[in-house]
Amino acid sequence: MIIPNLKFALILLNQPLTELRQQLKLVWSRSVLKAAADGGSNRLYECMMGNHQSYIPDLVTGDFDSIRPEVLLYYQRRGAKIIETPDQNYTDFTKCLRIVLDTLECNTLKVEAVVVLGAMGERFDQTLASVNTLYEANINSELPVYLLADRSLACLLRPGKHVIEVNTGLEGPWCGLIPIGNKCRQVTTTGLKWNLDHQPMQFGGLISTSNTYAEGTETVTVQTDQPLLWTMGFKDDLSVPNTKKSDSF
């Protein structure tokens, strides 16, 4: 759910946006900074066919091996800042996120989160690269970063206690907690059908996929000692969970 007074930074990646058109329009209206990473510019241009002039990104970044020349020229002529990032050691998403975070800081722009459309697509390696970028963002910024795909969302929970509201009516039936990265020595949850109670989680051991919510629950709490990937389904409209971190358990 998009809470009306929240503001975002938006990043568009190189995946089809047709199924996310309504979500894109809603997040765009709440975004104080919009960036397209390389081929994500093509996707924006295609998705908003007939209404291009209303959807001009603030930034277009990348090594420009995917963006079509006419699309690059169109956005450049209409005021988008063009930033070439030729470094092949990092993905276009990672480089774009760094630029977005720097731009927010340099211009003292206040946002509550970064929303990324097109981060989970057809290629499994690129999906994992997007998750890896979440870990880098976790180190370099306090801002949460949400990855949105068609009817699914993922974000990285930092060590500590988190409260996730799941009573908006927009949630899908499934959710999961995945310990990608370090082993989590202790994870405790409430509000799930299959809760965890001070249990360790790691690949090769316990992970929580295809979980769901306890009947009648309004919030899920997650206590973790290491970064932990939260993922959930949502219905046809956009759902960005209201995630709050508490100092107490």
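# Reading the fold

Me: Which residues touch the most other members of the largest nonpolar core?

Reply: A nonpolar core is a set of buried Ala, Val, Leu, Ile, Met, Phe, Trp, Tyr and Cys residues, joined through side-chain atoms within 4.5 Å. Here the largest such core has 46 residues, and L24, Y75, L177 and W230 touch the most other members. This is a predicted model: local features need pLDDT of at least 70, side-chain atom pairs count only at pLDDT 80 or more, and totals for chains, interfaces and linings use all residues. Residues are numbered from 1 along each chain as its sequence is written, and side-chain values use heavy atoms, with hydrogens and water left out.

Me: Take W230: what is it in contact with, leaving aside its neighbours within four places in sequence?

Reply: Contact means heavy atoms within 4.5 Å. With those neighbours left aside, W230 is in contact with L153, A154, C155, L157 and I164 among others. Its contacts also include C175, G176, L177, L192, Y213 and V220. Another core lies apart from this one: it has 28 residues, including L13, V111, V131 and I178.

Me: In what order do the ten strands of the open sheet come?

Reply: Strands (E, at least two residues) and helices (H or I, at least four) are DSSP runs, numbered from the N terminus. Two strands pair if DSSP finds at least two bridges between them. The order here is β4-β3-β2-β1-β5-β6-β7-β14-β9-β12, and the pairing is mixed. At the edges stand β4 (81–84) and β12 (208–211); each has a single partner strand, so one side of each is left without a neighbour in the sheet. On average, neighbouring strands of this sheet are turned by 20° against each other, direction ignored.

Me: In which sense do β9 and β12 pair?

Reply: Antiparallel: β9 (residues 171–178) meets β12 over two bridges. Look at C175, whose bridge partner in β12 is N211.

Me: Which way do the residues of β1 point?

Reply: In a regular strand the side chains alternate between the two faces of the sheet. In β1, F8, L10 and L12 point one way, while A9 and I11 point the other way. Buried means under 20% relative accessible area, exposed over 50%, and partly exposed in between (1.4 Å probe, protein chains only). Five of the five residues of β1 (residues 8–12) are buried, so this strand is largely enclosed by the rest of the structure.

Me: How many bridges join β1 to β5, and how many join β1 to β2?

Reply: Five bridges join β1 to β5 (residues 113–117), and these run parallel. I11 stands opposite V116 there. Five bridges also join β1 to β2 (residues 31–37), again parallel. On that side, F8 stands opposite S31. The chain goes from β1 through helix α1 (residues 21–30) to β2, a right-handed β-α-β crossover. Right-handed means that, with the strands pointing away from the viewer, the path from the first strand over the helix to the second runs clockwise.

Me: What joins β2 to β3?

Reply: Three bridges do, with β2 and β3 (residues 59–62) running parallel. A36 stands opposite V60. The chain passes from β2 through α2 to β3, and this crossover is right-handed too. Six of the seven residues of β2 are buried.

Me: How many residues of α2 are buried, and what covers them?

Reply: Six of its eight are buried: G40, S41, N42, L44, Y45 and C47. Their cover includes β1, α1, β2, β3 and α3. Helix α2 (residues 40–47) packs against α3 (residues 69–77) at an angle of about 80°, with axes 10 Å apart. S41, N42, L44 and Y45 of α2 make the contact with V71, Y74 and Y75 of α3.

Me: Where does D150 lie?

Reply: Find the loop between β6 and β7. D150 is partly exposed there, with a relative accessible area of 37%. Leaving aside its neighbours within four places in sequence, D150 is in contact with E19 and L20. The C-alpha atoms of D150 and L17 are 8.8 Å apart, though 133 residues separate them along the chain.

How values were computed:
Axes fitted to C-alpha atoms, helices over the stretch in contact; angles between N-to-C directions.
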